[in-house]
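Open the model in your viewer and keep the selection panel to hand. The tour goes stop by stop, with a selection at each.

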Amino acid sequence: MDPADVPGLTMHTVTEGETGGLRAHAVYPSVSDAPRLTERLHRTITEHLRSFNQANRGGAETGRPGPEFNVDWQLPTVSTQMMGVNLTIGRTVDSRWSEEHTTVWYDRVDKRVLDSADLLKDKAALGELARLTRDQLGRSGSGIDPEAITADARLFDSLAFNRRGDLVAEFDDQQVGSATLSRIAVPAAKVKGLLSPAGERAQRSAVEFGAGVDHRAERMAKYKEYAALPVAESTAYGSVDCAKVKCVALTYDDGPGPGTGKLLDALNAQRARATFFAVGTNSIAHTALLRRIMREGHLVGDHTWSHRDLTTLDDSRMGDQFGRAQCTLGRAIGRHPGLVRPPYGAVNDRVPPVARQYRLALVRWNVDAKDLQTRDPKAVADRVVSQTRPGSIVLMHDVGGTAAKATPEILRRLRDKGYTFVTVPELYGKAGMKPGEVYDSGEGPREMISADGSQG
């Protein structure tokens, strides 16, 4: 389901940036009429994050990217009766990436939060589903040991329905002994009689409203379509010559979110412009904010789909992070976001060529406000003002709230020092910015590509 079509849906971000070498970013949705669902999603994610932090107390090894925690999400179906939220919870385990899947349901009829196993009417139905799954696996030739499939609710904690009404079970990495098996569909005719009343409502919702189909080929076609759009520019582009005046580019990552509107108010009150690097999983629920950003003279950039460390991904998955975000942003603003902020500032020699394919210049920073590490707006303002030089690119965030509170003082104090606030491309004037190049400040692109990065 397209989250933009869901009334009352907004996003919550749980982000710790980079702390002790650990990298964490998680986004989850909430709907105004389902506060209990929001509470369950928040509790689920924070429990996983706590476990991740405890398992990595020693932090990162020197000179290597730190362990990463990330949450992606989607809506299997949404109707007036049922809503499902699928979470993909990924983490670094023994230097390898591993993903767990869970789907939480909200029954709008009975006002209850349900685990996936609650879509089944009883334990006997769970046992029959396990038998059907074993039988399905045996015919698929997957090589899975059938005995790995047991009537355990923890094994079937991610259940949903496709548009045919088939019951789809999604498994965690290695959970059933295979790195390649992720999900299996049990035909609707075979699960008839196994479902609870809530399960029947969820099945009808999926059939009537249609579960989304997101095949790789279809996504690639969309990537090409949106990549062909004209590159986004500020509506005030060209009004400032940064070769003649002191310019600084304030940038805000990880939004848009509930606090972005107030941040825009603060910028507009002092006629300052900024660049917003938007995460795809946030943007799909806040397209109106993206349009407002552009309308008021600011600039929208790409911050990838789900904030994964790009240096840990193969080229295909990296391109998917760029492309999915570009589709969401391009659809909202009608332009191609020509800039990308690599999550955590992490870049290695494989990232620029893929970014070049997607017509993206890579933007890092040379002033880190560290606003996610404190709730003191004055400390953030002091840090930014003391470190800013002509041509600086300043890293802040429009989630968490501290940067928004610090921004009015930052604007006032830097303006008193003679600074003009521009979007990132304006720092480079006629030279412009080239796709695949890495920019840390207004001095031009970096020639040496480093895998080092920090909070972003």
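Start with H307. Select H307 in the loop between strand 12 and helix 9. This is a predicted model, so each stop is a reading of computed coordinates. Check the backbone of H307: phi is positive, about 65°, although the residue is not a glycine. Is H307 buried or exposed? H307 has a relative accessible area of 0%, so the residue counts as buried.

**The rest of that loop**

Step to S306. S306 is found in the loop between strand 12 and helix 9. With a relative accessible area of 3%, S306 is buried. Which residues does S306 contact, leaving aside neighbours within four places in sequence? Show H25, N70, D72, V279, T281 and Q321.

Now select T311. T311 is placed in the loop between strand 12 (299–302) and helix 9 (315–333). T311 has 12% relative accessibility; the cut-off for buried is under 20%, so T311 counts as buried. Display the side chains of T311 and D309: a polar contact of 2.6 Å joins them.

**Across to D254**

D254 lies in the loop between strand 10 and helix 6. Phi of D254 is near 80°, a positive value in a residue other than glycine. D254 is buried as well, with a relative accessible area of 1%.

Move along to G255 and P256. What kind of peptide bond joins G255 and P256? The bond is cis, with omega about -5°. In general, most peptide bonds are trans. P256 lies in the loop between strand 10 and helix 6.

**Helix 12**

Select residues 402–416. This is helix 12, with 15 residues. From first C-alpha to last, helix 12 reaches 22 Å, close to the 21 Å expected at 1.5 Å a residue. Look along the axis for a kink of about 30°, centred on P408.

Colour the buried residues of helix 12 next: T402, A403, A406, T407, I410, L411 and L414. An α-helix has 3.6 residues a turn, so residues three or four places apart point the same way. What do the buried residues of helix 12 pack against? Show these elements:

- strand 10 (246–253) and helix 6 (260–269)
- helix 11 (377–387)
- strand 16 (393–397) and strand 17 (419–421)

Then go past the end of helix 12 to G418. Phi of G418 is positive, near 95°.

**D107 in strand 5**

Select residues 96–107 for strand 5, then pick D107 within that strand. D107 is at 0% relative accessibility, so D107 counts as buried. Show the side chain of D107 and follow two contacts. One reaches the backbone nitrogen of V109 at 2.9 Å. The other is a polar contact with the side chain of R201, at 2.5 Å.

Not counting residues up to four places away in sequence, D107 touches Q81, M82, R112, L114, A198 and R201.

**T46 in helix 1**

Select T46 in helix 1 (residues 35–55). Where does the side chain of T46 reach the backbone? The side chain reaches the backbone oxygen of H42 at 2.8 Å. Then draw the C-alpha distance from T46 to A26. The separation is 9.3 Å, for residues 20 apart along the chain.

**Zoom out**

Select the whole chain and colour by secondary structure. There are 12 helices and 19 strands. Of the 456 residues, 55% count as buried. Among contacts with a separation of 6 or more, 71% are between residues 24 or more positions apart. The accessible surface comes to about 19600 Å², and 48% of that belongs to carbon and sulfur atoms.

Last, colour by pLDDT. The chain averages 89, and 89% of the residues score at least 70. Finish on residues 448–455. There pLDDT stays under 50, and the model has 35 contacts beyond four places in sequence for this stretch.

Technical notes:
Residues numbered from 1 in each chain as written. Heavy atoms only, no water. Helix = DSSP H or I, 4+ residues; strand = E, 2+ residues; numbered from the N terminus. Expected span 1.5 Å × (residues − 1). Bend = angle between axes of the 7 residues up to and from the residue. Buried < 20%, exposed > 50% of the residue type's maximum accessible area, 1.4 Å probe, protein only. Contact = heavy atoms within 4.5 Å. Polar contact = N/O pair within 3.5 Å; in protein donor to acceptor, adjacent residues only side chain to side chain. Areas by Shrake-Rupley, 256 points an atom, 1.4 Å probe, with all protein chains shown as cover. pLDDT = per-residue confidence, 0-100.
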